[in-house]
Amino acid sequence: MRRNWGLLMGMQRIDLAGQVKSLVTIQEVAEHYGFHPNRAGYICCPFHHEKTASLKLYSGQRGFHCFGCGAGGTVIDFVMKLFDIPFRQAILRINADFALGLTWDKPDPAVRSAVLEARRREAQRKEKLERLEEKHRELAAEHCYWWEVLKYFTPVRDGDYVYIHPLYAEAVKKQPYLEYLLDELEEEIAEVKADRGRKGTAAGKHSPGGPGQTA
C-alpha cells in the first residue's frame, strides 16, 4: 500500500504545532523575547510603529491580536512574524528556547508532564512574586508617608519646653518596624527571583535535543 508521506508529515507537523501551542502561552513567549505586557495585557506592537500599546495578549491558547495593524494569531504566528521565519522554523525555535523537548516522531508523555508541572510551578512563583511586590509597594508608600511626617512635624523647642506632635511620636515608633518589614520583603523577593534563575539554568542543562537545530 502506497503511503502518502506528505500527508503523514503534515499530520506530524500539525500535531507538534498543537503541542507547542498547548505548552507555551503567548504571554510567556512575548516576555521571553523582551515584551512585557501592562496590567491590561497589552504590549507595543513589534509589527508596526506605535507609542501606545495596542497588541493584546490573551490568556490560555487564545493567542494575540493587534488593534492597530490587525496582526494576530497563535504563539507560532507571533514567532514567525517577529523573526520573519517559516512555520517549521518557528516551532523549532520555540521548542529550543523553552526547552520543551518535543520531537517530530511522537509526543513524549513524560516530557509533556514535566513541562506542564514546570509551568504550574512557574505560574505559582510569578503569582507569589506579584503579591510580594504589591506588598512592598504598599509598605514603601507607608514608609514614605511617615518619613515626610518626621520631616514636617519636627519637635518645637521653646526654652526648656519641647513640643512633640503626636504624629511625630507615632512616626518614630513606626519607621524602624517598617524598615524591618521592607528589608524582609526585599530579601524574599530576591529569593523568588533567584529561584527562576536556578530553574532556568537547570532546564538549559537537561533539555532534550528536540526535533532539530534552529537556523
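**Entry 1. Nonpolar surface patch**

I began with the nonpolar surface of this predicted model. Val156, Tyr161 and Tyr163 make a nonpolar surface patch of about 320 Å². I then placed one of its members: Tyr163 belongs to strand S6, which covers residues 161–163. Tyr163 is partly exposed, with a relative accessibility of 37%.

**Entry 2. Overall layout**

I next looked up the elements of the chain. The chain contains six helices and six strands. Read from the N terminus, their order is α-α-β-β-β-β-α-α-α-β-β-α. I also noted the burial of the chain: 28% of its 215 residues count as buried.

**Entry 3. Negative surface patch**

Which residues form a negative surface patch? I found Glu179, Asp183, Glu184, Glu186, Glu187 and Glu191 in it. Of these I looked up Asp183, which sits in helix H6. Asp183 has a relative accessibility of 44% and therefore counts as partly exposed.

I counted the salt bridges and recorded eight in the structure. I followed three of them in detail.

The first entry is for Arg131 and Glu127, whose side chains form a salt bridge with an N to O distance of 3.5 Å. Both residues are in helix H5, which spans residues 109–152. Arg131 and Glu127 are four residues apart there, about one turn of the helix. I kept in mind a general point: an α-helix has 3.6 residues a turn, so residues three or four places apart point the same way. As to accessibility, Glu127 is partly exposed at 48%.

The next entry is for Lys128 and Glu188, whose side chains meet in a salt bridge at 3.8 Å, N to O. I placed Lys128 in helix H5 and Glu188 in helix H6, residues 166–206, so this pair ties together parts that lie 60 residues apart in sequence. I looked up the accessibility of each partner. Lys128 is partly exposed at 34% relative accessibility, and Glu188 is partly exposed with a relative accessible area of 30%.

The last entry is for Glu134, which makes a salt bridge with Arg137; their closest N and O atoms are 2.6 Å apart. Glu134 and Arg137 are three residues apart in helix H5 and so are separated by about one helical turn. Glu134 counts as partly exposed at 32% relative accessibility, as does Arg137 at 42%. I also noted that salt bridges with shared partners join Arg39, Glu134 and Arg137 into one network.

I then examined helix H4, residues 87–97. Which residues of H4 are buried? I listed Ala90, Ile91, Leu92, Ile94 and Asn95 as buried in this helix.

I checked the backbone on both sides of the helix. Asp84 lies in the loop between helix H3, residues 75–83, and helix H4. Its phi is near 55°, a positive value in a residue other than glycine. Is Asp84 buried or exposed? I recorded Asp84 as exposed, because its relative accessible area is 70% and exposed means over 50%.

After H4 comes Ala99, which also has a positive phi, near 50°. Ala99 is not a glycine. I placed Ala99 in the loop between H4 and H5.

**Entry 4. Cysteines**

How many disulfides does the rule give? The count comes to zero disulfides. Cys44 is in no disulfide, and its nearest cysteine sulfur, that of Cys45, is 8.8 Å away. Cys44 counts as partly exposed at 36% relative accessibility.

I then looked up Cys66, which is also in no disulfide. For Cys66 the nearest cysteine sulfur is that of Cys45, 3.6 Å away. Why does this pair not count as a disulfide? The sulfur atoms of a disulfide must lie within 2.5 Å, and those of Cys66 and Cys45 are 3.6 Å apart. Cys66 is buried, with a relative accessibility of 1%.

Terms used: Residues numbered from 1 in each chain as written. Predicted model: local features only at pLDDT ≥ 70, side-chain atom pairs only at ≥ 80, totals over all residues. Heavy atoms only, no water. Salt bridge = Lys/Arg side-chain N within 4 Å of Asp/Glu carboxyl O. Helix = DSSP H or I, 4+ residues; strand = E, 2+ residues; numbered from the N terminus. Buried < 20%, exposed > 50% of the residue type's maximum accessible area, 1.4 Å probe, protein only. Patch = residues over 30% accessible without salt bridge, like charges linked within 9 Å, V, L, I, M, F, W, Y side chains within 5 Å. Areas by Shrake-Rupley, 256 points an atom, 1.4 Å probe, with all protein chains shown as cover. Lys, Arg positive; Asp, Glu negative; His and termini not counted. Charge placed at Lys NZ, Arg CZ, Asp CG, Glu CD.
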